[in-house]
Amino acid sequence: SQDPLPPLVFSAKFFPTYIHGKGAFASKEFKDLLSDQIKFCRSESVQNQVEVLEDSRYFGVEYGISEKMKEEDKNIDEENWYSYDDFEKEEPKAEKVSHKVLYMNNCIREDLYSTIRRLAQQVTESKYNHFQLHWNDSLHAQTIEIINYTVGNSLGWHVDVGGTVLTMVIMLSEPNVDFTGGELEFMDSQHLFNSEIQEQEMNDTPIKDSDFDTFRKTLDWHKGDFVVFPITSAHRVKPVLSGHRSTFVIEFKYGIYYGLNPHLTYPLDEQSS
Ligand SMILES: O=C(O)CCC(=O)C(=O)O
Ligand SMILES: [Fe+2]
């Protein structure tokens, strides 16, 4: 069968905020691989599917997290580690669903996983890598998710945190055909965390869209395109106005994450089992 990852064409955009690759995942091979995978993950466990509530994703914290992840969380014995339960106590759940996530960490198969890791390798080894991070064999996915947005769903300005170094987003829907609105916008996080904005936050003054007008850039992309960015890139998804928007999001970190299912993911474990 054909390689699901054809030779890549990509370029650095909005230096040094993101790298944009065109059409790499538009192939039938990739679509088939992914749709098999989604079916498998959905059937594996309903608990993989989670609704994320509005305003809940502040500094990378998600509410509405699955019982399974809560269970995993309890096993981490680190100082200063908040459990999801603590967060839920501190800040009440918002009402509105912001987007839906299908977590694929525990059900991803080797063929798809090696495809996305090869993409990470090609991007980080390219001349467009201005992110000061390098390919090495320990660069593994910490989170692998399909994110679904329906009308009114969005994701506010944030940076991806949690120890990851690189995020990859693959667009699975066609903008302005499958959905309208839902633009992915970027800016360097220095603007999000600048002193004026910080002060506004302290004073509880709502941060307005126009506060970022001169810094932000809207990604012009299509179904099958990907975008890769470092943790210094702040980004958001504007509200979807019509239709349905899906993305495949992979966040990478150095070292092996306890949460991935080793039997489905790592060649190393396959050898030892
Ligand atoms: O859906 C997207 O385009 C971006 C998703 C995102 O930023 C995230 O999952 O952190
Ligand atoms: Fe993000």
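A polar side-chain atom of H235 sits 3.0 Å from an oxygen atom of ligand 1, where a polar contact is a pair of N or O atoms within 3.5 Å. The protein covers 100% of the 300 Å² of accessible area that ligand 1 has on its own (Shrake-Rupley method, 1.4 Å probe). Before we go on, please note that this is a predicted model, in which local features need pLDDT of at least 70 and side-chain atom pairs count only at pLDDT 80 or more, while totals for chains, interfaces and linings use all residues. Residues are numbered from 1 along each chain as its sequence is written, ligands are numbered from 1 in the order in which they are written, and side-chain values use heavy atoms, with hydrogens and water left out.

Let's stay with ligand 1. R245 has a side-chain N or O atom 2.9 Å from an oxygen atom of ligand 1, and for a polar side-chain atom of T247 the distance to an oxygen atom of ligand 1 is 2.8 Å. Strand β14 (245–254) gives the most to the shell, with four residues; strands here are DSSP runs (E, at least two residues), numbered from the N terminus.

Now look at the iron ion, ligand 2. Its protein donors are H158 (NE2), D160 (OD) and H235 (NE2), at 2.0 to 2.2 Å; donors are N, O and S atoms within 2.8 Å of the metal (3.2 Å for Na, K and Ca), and water is not among the atoms, so sites may look incomplete. Along the chain, the donors follow the spacing H-x1-D-x74-H. D160 lies in the loop between β6 (155–158) and β7 (166–171), and H235 in strand β12 (residues 233–237), 75 residues apart.

Definitions and conventions. Polar contact = N/O pair within 3.5 Å; in protein donor to acceptor, adjacent residues only side chain to side chain.
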